[in-house]
Amino acid sequence: MSQVPLQFDFLTPSGSAWGPSSTVPENLRFHDIPYAPYSKSDKLGKAADWQQSKEGGSQQQSVQKNVKLQRGQRDQYHAYGASAAASFAAENDEDGEFSVVDSSISTAKDSFNLPNAQSNNQNNQNANQQRQPTVLRGKKSSVRPQTQRKPGYSNSTWYNNRMKEDINKNRESSIKVSKSWKIISDIEFSKLTKLNLEVGPGSDVRSFGSVPLYQKTFEKLNNGVSAPLKASNRHSINPTVSKDPIIRELAEKKEAKVFFTSNVLTQLMCASRASYSWDVIVTRKGDNYYFDKRDGSILDKVTVDENSSSPPSDTHDTNINNADNLITEATIINDNFVDSTVMPNAGVTLDTEEPPFPIGKDILPKGYRYRKFLLPENDEEEEPLPIIVRTPVDAYMKDQGFVSVKALNQYDPKEFDWKVKLTQQRGAIMASEMKKNNNKISNWTTEAILTGNDTIKIGFVARNTPKSNQTHVILGVATYKPQDLSAQIGLQQGNGWGIVKSLIDIIRHEYEHGDATEQTKFVVTKDPKASKLVLYAAVDGILGNEEDESV
């Protein structure tokens, strides 16, 4: 048998090493073949699909967007990279046969009609089916399908949000804004929440008055047992900072440059939690700045369900459950509760027994502490900015120190009837109140921390009958540490100080480098129709029709 001869003459010889040549012969080279990325774990598919239609590209995109694949289902295009059809498409240089078509996907905002609050789920589903748009052939719908809504989103949620916006639109500003006022700054709440300034604990400069002793009588109430809340003729007094003789004395001694009362400072620190409109008047005399409140300001009152998804109506009528009447009722309840829980003839005397300002027999006895805080400047080499705030002390306990006494009240027992469920579900009731009255509880907590009080006593008060706001009963009392309560409601003291320092810096800059004079007054107000603070400058110093009684 003859052997087949082997011909190796056409191969290129290698002179350096055994094996194939380092250069590929010209006739064996591959030209214009695209590289297709692949995954080693995938099965090999077609090398090229010449029957791939244009619809395949859109099908590929839909597969890529659909992240949640069935178990065991494979992405047939994964082995070919980002676009399989584009990788193996044949090129055509005949431009005359092409026509440019806009194949981009257009987007449009959802448009919904206001749903009926009384409609049931079946009606909502039928309405959704009727609103399904007609999809043209070869095009995608620009309206987002119902199934792509965010988790937890529903027509009722959307309806509640719209109702809250409508409520805000009907609210009035706490102060009449003159057309002559100049807008200095417009700060949204989302920006306020990002501010932060670390400030150390305050120190007492002066203290006045006698602090009454707290009695634990109502803390023993449980199992549905209640005690009547006695009506009192005494009420709290809280003069504005510019009318405080002790503040004037401290200003003359240059103890500080900025002065507050506690309710003004706490509301500024908790500004981003407010829903109702409020205002603060800022004036300057010499080198000192005074943050005043107006007579009859909402800052001296106690709000009810301010942060609720369905707050009380703002209508000015005789309905006992409208916002104004509820605020008046809650303010009286707090004064009566403080008067019912303290022993005025027993307690402790502060540095000076006499109160800082004249009070009569119809005024609740309290202690007043003038506390200094040092706010760091932007330049670390500069000395901190000293401020002084007058803070109240409601009561004293031998084992718990200084005490803040407050009261929450229920006017409508539909959700949680406190008379029945307070003992077993006090935690759930308090959690609900933290949502509906977040701004109020935040102010109480911040005030207790600024004052240096060791304890907060919060009473639970309800009406005897829901249709009458004249008589009330005490159902129980809860005890909190200010720092613990602050953590529960997510209150950040650094954020509050950052808001206050930013406002001070803006106002100082206007006085020192702007057009402001000592006649100029600044008004910090919460916009009644939006979640933002607005800083106005009244160049002529006139605030509407009110008389100028400040320093």
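Aspartate 305 counts as buried, at 8% relative accessibility; here buried means under 20% relative accessible area, exposed means over 50%, and partly exposed is in between, with a 1.4 Å probe and protein chains only. This residue sits in the loop between strand E7 (288-292) and helix H8 (323-341), and its phi is positive, about 50°, although it is not a glycine. Helices (H or I, at least four residues) and strands (E, at least two) are DSSP runs, numbered from the N terminus. Most residues other than glycine have a negative phi.

A word on the source: this is a predicted model, in which local features need pLDDT of at least 70 and side-chain atom pairs count only at pLDDT 80 or more, while totals for chains, interfaces and linings use all residues. Residues are numbered from 1 along each chain as its sequence is written, and side-chain values use heavy atoms, with hydrogens and water left out.

Lysine 254 also has a positive phi without being a glycine, at about 55°. It lies in the loop between helix H6 (245-252) and strand E5 (258-261), and with a relative accessible area of 73% lysine 254 is exposed.

Now for the whole thing. The protein has 13 helices and 16 strands, and 41% of its 551 residues count as buried. Take contacts (heavy atoms within 4.5 Å) between residues at least 6 apart in sequence: 75% of them join residues at least 24 apart.

Not counting residues up to four places away in sequence, isoleucine 388 touches Val205, Ile247, Leu250, Glu255, Ala256, Val258, Phe259, Phe260, Tyr370, Arg371 and Lys372.

On to the nonpolar cores, meaning sets of buried Ala, Val, Leu, Ile, Met, Phe, Trp, Tyr and Cys residues joined through side-chain atoms within 4.5 Å. The largest has 38 residues, and those touching the most other members are Phe260, Leu268, Trp278, Val280, Phe291, Leu375 and Trp497. Helix H13 (residues 493-513) gives the most to this core, with seven residues. Leucine 268, leaving aside neighbours within four places in sequence, is in contact with Phe260, Trp278, Val280, Phe291, Ile499, Val500, Leu503 and Val524. Another core, of 27 residues, lies apart from it, with Val302, Ile441, Ala462 and Leu485 among them.

Next, a helix pair. The axes of H7 (residues 262-269) and H13 come within 8 Å and cross at roughly 105°; axes are lines fitted to C-alpha atoms, for helices over the stretch in contact, with angles from 0 to 180 degrees between N-to-C directions. That makes H7 roughly perpendicular to H13, a label for angles of 65 to 115 degrees. From H7, Leu265, Leu268 and Met269 meet Gln493, Gly496, Trp497, Ile499, Val500 and Leu503 in H13.

Finally, look at H11 (residues 438-451). Of its 14 residues, 14 are buried, so H11 is largely enclosed by the rest of the structure. From first C-alpha to last, H11 reaches 20 Å, close to the 20 Å expected at 1.5 Å a residue; the expected span is 1.5 Å times one less than the number of residues. Just after H11, glycine 452 takes a positive phi of about 90°.

Definitions and conventions:
Parallel < 35°, antiparallel > 145°, perpendicular 65-115°, else oblique.
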